[in-house]
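Please read them with the structure open.

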Amino acid sequence: MAPAKKRNVSSAKTTEQSIKKAKIDLNSKVGSVFESRKHANDVFDILEVLESEKEKDVVNAVDACSKLFCTLLERKDLYIGKLPGEEEALSGGGYSAEEKYRMFMRHRYNSCVEMLLEHLSHELHRVKESALCCLMKFAAAEGQHPLEDLDWSEHYSFPRELMGAVVDRLLSKTADNSLLISRFQEFLEMDDVRYYVMSSIRENLGQVMDKTKGAVVPVYQSNVFTLMSNISVPSQESELTNFMVKQEAKHEDWKAARLNEHKRVFERMWLGFLKYKLPSNMYKKVLVILHDSILPHMSKPTLMIDFLTAAYEVGGAISLLALNGLFVLIHQHNLDYPDFYKKLYNLLDPSIFHVKYRARFFHLANLFLSSSHLPVYLVAAFAKRLARLALTAPATALLIVLPFIYNLIRRHPSCRVLIHKPSTEDEPLEDPYLMDEEDPAQCRALESSLWEIKTLQKHHHPDVAKAAMLINTPLPEQEDDISEVLEITTYELMERDLKQPQIKSIPLEFETATQLLKGGGDVLGQHFCLD
């Protein structure tokens, strides 16, 4: 075994030495290009290593390309303006040797960019990551030293084409790029990068989805959502201070430096994404972040009405999640939704106690039903439906439902008739309440009573039985805080029940005895002598 071990060590050393040698060779090639233009052809050797199949060789070549072309951009050794074809440039065309050299290097730079864009689809993440970072360095260098011959009085310098190409590669149709997109997130903190990335996403969406005629493309749409959900627009224009490219003139007039333009592009990007059919699980992901990560950053949040109302009509968990966005539009933007409470009433079914978003639903339902101006029949319908569902609900849900019902009764004293309903011996025992009626105005809740809560007083769990007992006494005016029990789980409930209560010391006498035995011997002796 010893010789084999020596061979492994020696082979490892050989590999390490070859890597170091390759790195030294690349650095020397870069140095030679900088030293003299007669070594310009050495750039081909660097680009050849960039196409290597070995991970470390490629990464080293990416570093070398980054150093080489960023320096050439700073030196203005790349041709500026519309680039002629390479054959045309080399065959004459009246170009000077200086121009030919710059054209040659500009073509090599374009080749390098194409290779790096291809590497964004590489199977190895390290290669993808290094290629992405190099491309963003090129973008920063192009921003400071533009390759387009612009009229500075009318145009602003930003490498839109390169940024668009990077976005197109990130939004792959076949590979999940979530890890690479998370690495790209740090660049989105720069305001100008974020602005042009949003524009590029919108353009890419239109091109791809129009080709598929609006059909669902799960991997692509997942990549788009991952990238868009990482974008956050500042809340104030004074926060727009972090730019990759600083404009020399009229910076304040640049669209990327204006908050209203950011909001407009952000809005158009999301509307462009949501107008196409999404995978079913994507609706949930969008709705989870819609109320706090999308609506506040839109210039016209009411444009989301169609999407939210459509999602609210779907039913199930999607409808529950749409409540958050609708709540924002109703309370902050005066959205009129005539059948809102009817739909909310119909969301109450046995599954509501078992969905992932139960706590969020009851929190929002509590807000929607907090107004004292709601008609009594509507509040009674919600209280009665919840009471009926409580008969088959788990204990954790009952600890939410019972205080919820009590709060409804406190806010609307007219609903006390559901508790104090007089009855006669000849009255039939049938409940007039219509559980299957979808319209709360027609369910006859006010004609019924909350007998279900009386039944729950026999519940197996002592906390539930205790909560149900509260209906036997006048309810205090102070509302119950349901936020403390919204997130409680069955495990937590069991842990709380199994925890041994601490045995408290029991006081046997109010005042501590101090004279009970003091001088006792003399007293006994006196009694003995008398006898």
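1. Tyr 341 has a relative accessible area of 23%, so this residue counts as partly exposed. The model is a predicted one. Phe 340 is buried, at 3% relative accessibility.

2. How are the rings of Phe 340 and Tyr 341 arranged? Their centres are 5.3 Å apart and their planes meet at 85 degrees. Planes over 60 degrees apart count as edge-to-face, so this pair is edge-to-face.

3. Over the whole structure, the search gives 22 aromatic pairs. One of them joins Phe 158 and Trp 254, with 6.5 Å from centre to centre and 45 degrees between the planes. This pair is classed as tilted.

4. Which parts of the chain does the pair of Phe 158 and Trp 254 tie together? Phe 158 belongs to the loop between α6 (125–144) and α7 (160–170), while Trp 254 belongs to the loop between α10 (218–229) and α11 (259–274). The pair therefore links parts that lie 96 residues apart in sequence. Phe 158 and Trp 254 are both buried.

5. Phe 158 and Trp 254 also belong to a cluster linked by ring pairs.

Definitions and conventions. Residues numbered from 1 in each chain as written. Predicted model: local features only at pLDDT ≥ 70, side-chain atom pairs only at ≥ 80, totals over all residues. Heavy atoms only, no water. Phe/Tyr/Trp six-rings, centres within 6.5 Å; stacked < 30°, edge-to-face > 60°. Helix = DSSP H or I, 4+ residues; strand = E, 2+ residues; numbered from the N terminus. Buried < 20%, exposed > 50% of the residue type's maximum accessible area, 1.4 Å probe, protein only.
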